[in-house]
Amino acid sequence: MALVGPRPHALAHDLYYGAEIPTYRHRFAVKPGITGWAQINGSRGPTPTLADMQRRAALDLWYIENQSLRLDLQILLRTVLAEITRRTNAF
């Protein structure tokens with residue numbers, strides 16, 4: 001597991017969403033992370049609708065296509081600031 005990358009999901013979710021979202025499996029191209037682009041952009045927590053997971057997958061794919069050390073450092077900084085200021089809820 002990496003510090004930054006797409007957050008992992010339960011195997012049942014991977015199987016379900018892998019069949020429902022054509023690009024979902026592209027998330028596996030990189031190691032999962034403790035935090036990620038989707039999380040700092042408001043897509044964290046439960047995904048009760050398919051649209052919620054489609055948004056998260058799209059953000060994860062954007063991260064994969066644009067990943068860099070600078071972006072990783074920005075994500076880590078924003079994660080720390082969000083946790084310090086408690087602007088978001090986490091599970």
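Colleague: Among contacts in the protein between residues at least 6 apart in sequence, what share joins residues at least 24 apart?

Modeller: A contact means heavy atoms within 4.5 Å. Here the share is 68%. Note that this is a predicted model: local features need pLDDT of at least 70, side-chain atom pairs count only at pLDDT 80 or more, and totals for chains, interfaces and linings use all residues. Residues are numbered from 1 along each chain as its sequence is written, and side-chain values use heavy atoms, with hydrogens and water left out.

Colleague: Which pattern does the protein follow along the sequence?

Modeller: Helices (H or I, at least four residues) and strands (E, at least two) are DSSP runs, numbered from the N terminus. The protein has four helices and two strands. Their order is β-α-β-α-α-α.

Colleague: What is the radius of gyration of the protein?

Modeller: That radius is taken over C-alpha atoms; the globule rule is 2.2 Å times the number of residues to the power 0.38. The protein has 13 Å, close to the 12 Å from the rule for 91 residues, so it is as compact as a globular protein of that length.

Colleague: Is S43 buried or exposed?

Modeller: Buried means under 20% relative accessible area, exposed over 50%, partly exposed in between (1.4 Å probe, protein chains only). S43 has 6% relative accessibility, so it counts as buried. Buried residues make up 35% of the 91 residues in the protein.

Colleague: Where is S43 found, and what does it touch?

Modeller: S43 lies in the loop between helix 2 (37-40) and helix 3 (50-66). Leaving out residues up to four places away in sequence, S43 touches A38, D52, R55, R56 and L59.
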